[in-house]
Amino acid sequence: MKVLKTTKELTIFLSKESEDNVIAFVPTMGALHDGHISLIKNAKSSSDLVVCSIFVNPTQFNNSTDLEKYPRTIERDIEILEQENCDILYLPEVSDLYSENEKSKHFDFNGLDNFMEGAGRKGHFDGVATIVEKLFRIVNPDKAFFGEKDLQQLQIIRHITKQLNLEIEIIGVPTKREISGLAMSSRNKRLSETNLQKANLINETLHFIKENSSRYSPEELKQLSIHKFNNQSELKLEYLEIVSLENLHPITEFKERGNNAACIAASISGVRLIDNIIF
Ligand code: AMP
């Protein structure tokens, strides 16, 4: 695997490779786990050359301690990517992608950011879109792979890719889960065994909503689900929304099969977890 640390090196390398090869791109912030590996495997199986980036993007963090505390395990990440036969790791410094004091660009997400992560984390998606646009313009891939785990992010990236007229196919990859059903996340490492078990309520509730969607309305299911969270005290629910997959707005009636999603954010002992189910 080639490790390229500057935009210049990457651009020179890709200018020779991009003509005859299908290039797949997997952007990450590192601290790689099986969820990221699943993206790499998907990218490998449908391209000639896989570029993975590891960059902890400062503009998408609302809070500087969160940014400082973000896990960085670069040596292990390199080993993992080598095992997966990733072709290129792009590992830029902040100064390579942002000029001094540069802020996020403002995007129009057509309301996709009105609820859930967009409502609770002001400016987060402008930061995400700013870095994704920069990376897309540098790597110029044919395809880019993102996890369904971050569903709102995935839909927003699909939207800006169209808005910016970029000819990149955006591919959503199903969420990789622990045997218990808990969505894999670099934050799971910060949870004790007991809290890992308690966090399963998130996934159980998502399944409860999916399985009962022909019996109850979205609002009834929302109330029943909130009740499950209120019956315990450790896992604190931040939001639970049942939305249309198309615009990510809460729904009062279910859409056709495959066009609904239930999304949850909850925290336990200071660790914030998100998950969703599409049905
Ligand atoms: P991150 O490093 O957290 O920015 O994530 C990089 C990519 O990995 C994003 O597209 C995430 O949606 C995706 N991802 C994170 N966790 C999972 C998971 N458990 N299953 C599938 N994809 C994931």
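Helices (H or I, at least four residues) and strands (E, at least two) are DSSP runs, counted from the N terminus. With those labels in hand, here is a set of close-ups of this predicted model.

**View 1. An open sheet is built from 6 strands.** On average, neighbouring strands are turned by 25° against each other, direction ignored. As you trace a strand, keep in mind that side chains in a regular strand alternate between the two faces of the sheet.

**View 2. Strands E3 and E4 run parallel.** Here strand E3 (residues 49–54) is joined to strand E4 (residues 88–90) by 3 bridges. To find your place, look for Ser53, which stands opposite Tyr90 in E4.

**View 3. Strand E5, helix H8 and strand E6 make a right-handed β-α-β unit.** The helix of this unit, H8, covers residues 151–163. Strand E5 (residues 143–147) pairs with strand E6 (residues 169–173) in the parallel sense, over 5 bridges.

View 4. Rolling a probe the size of a water molecule over the atoms shows where empty space is left. The model has 2 cavities of 30 Å³ or more, and the largest cavity has a volume of about 980 Å³. It is lined by 49 residues, with Met29, Tyr70, Lys149, Asp150 and Gln153 closest to its centre. Domain 1 (2–173) and domain 2 (186–278) both give residues to this lining, so the largest cavity lies between them. Elements that each supply at least two lining residues include strand E2 (23–28), helix H2 (34–45), E5, H8 and strand E8 (260–268). Helix H7 (124–139) is also on that list, and H7 gives the largest share, 6 residues. By class, the lining of the largest cavity has 23 nonpolar, 17 polar and 9 charged residues.

**View 5. The second largest cavity has a volume of about 60 Å³.** Among the residues lining this cavity are Lys149, Leu182, Ala183, Ser185, Asn188 and Ile202. Strand E9 gives the most to this lining, with 4 residues. The lining of the second largest cavity divides into 5 nonpolar, 2 polar and 3 charged residues.

**View 6. The largest pocket holds about 350 Å³ of space.** Around the largest pocket are 18 lining residues, and Ile54, Val56, Arg72, Leu91 and Pro92 lie nearest its centre. Of the lining residues of the largest pocket, 12 are nonpolar, 2 polar and 4 charged.

**View 7. The second largest pocket has a volume of about 270 Å³.** This pocket is lined by 13 residues, and those nearest its centre are Asp66, Arg121, Arg187, Arg190 and Arg272. Helix H3 (64–69) and strand E9 (271–278) are the elements that give two or more residues to its lining. The second largest pocket has 4 nonpolar, 3 polar and 6 charged residues in its lining. Both domain 1 (2–173) and domain 2 (186–278) give residues to the lining of the second largest pocket, so this pocket lies between them.

Notes. Residues are numbered from 1 along each chain as its sequence is written. This is a predicted model: local features need pLDDT of at least 70, side-chain atom pairs count only at pLDDT 80 or more; totals for chains, interfaces and linings use all residues. Side-chain values use heavy atoms; hydrogens and water are left out. On a 1 Å grid over the protein atoms alone, a cavity is a set of points where a 1.4 Å probe fits but cannot get out, and a pocket is an open set with protein on both sides within 12 Å along at least five of seven lines; lining residues have an atom within 4 Å of a point. Grid points are joined across faces, edges and corners, and a volume is the space filled by probe spheres set on the points. Ala, Val, Leu, Ile, Met, Phe, Trp, Tyr, Cys and Pro count as nonpolar, Asp, Glu, Lys and Arg as charged, and the others, Gly among them, as polar. Domain bounds come from an automatic or database domain assignment. Two strands pair if DSSP finds at least two bridges between them. A crossover is right-handed if, with the strands pointing away from the viewer, the path from the first strand over the helix to the second runs clockwise. Axes are lines fitted to C-alpha atoms, for helices over the stretch in contact, and angles run from 0 to 180 degrees between N-to-C directions.
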